[in-house]
Amino acid sequence: MAILTPEWTLSDANAASLPTIMSTSNGTRIIYGTSDGHVVALDGSHEELWRVKLGGAVSCQPSVDDVPGVGPCILVGSEAGDVACLSE
């Protein structure tokens, strides 16, 4: 049986959701929700690019889709009942 080796770990991420991967013209984004209500995007080097506050904890996995009239968006909901469409 093969043993998995972590390539990197973000120990202070406060992550509450599974991450989602998004490819953009500016590179890869790793997007996840936090227990204090933020949606966070990291770049391919695991550096934080942006952080957006929603109304409550973001414990569901963000979804990436092409929204008509908007383009590629990160769709995410919070435990406070908010739904957001985030685009770069």
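How exposed is H46, by relative accessible area? I looked up H46 and found a relative accessible area of 25%, so H46 is partly exposed. I use buried for under 20% relative accessible area, exposed for over 50%, and partly exposed for in between, with a 1.4 Å probe and protein chains only.

Ground rules next. This is a predicted model, where local features need pLDDT of at least 70, side-chain atom pairs count only at pLDDT 80 or more, and totals for chains, interfaces and linings use all residues. Residues are numbered from 1 along each chain as its sequence is written, and side-chain values use heavy atoms, with hydrogens and water left out.

I found four strands in an open sheet, ordered 1-2-3-4, with antiparallel pairing. Strand 1 (20-24) and strand 4 (48-53) are the edge strands, and each pairs on one side only. The twist averages 25° from one strand to the next. Strands here are DSSP runs of E, at least two residues, numbered from the N terminus. Two of them pair if DSSP finds at least two bridges between them.

I checked strand 3 (residues 38-42) against strand 4: five bridges join them, running antiparallel. V39 has V52 of strand 4 as its bridge partner.

Last, phi. H46 sits in the loop between strand 3 and strand 4. Its phi is positive, near 75°, and H46 is not a glycine. N14 lies in the segment before strand 1. N14 is not a glycine either, yet has a positive phi of about 60°. N14 is partly exposed, at 37% relative accessible area.

Note on methods
Axes are lines fitted to C-alpha atoms, for helices over the stretch in contact, and angles run from 0 to 180 degrees between N-to-C directions.
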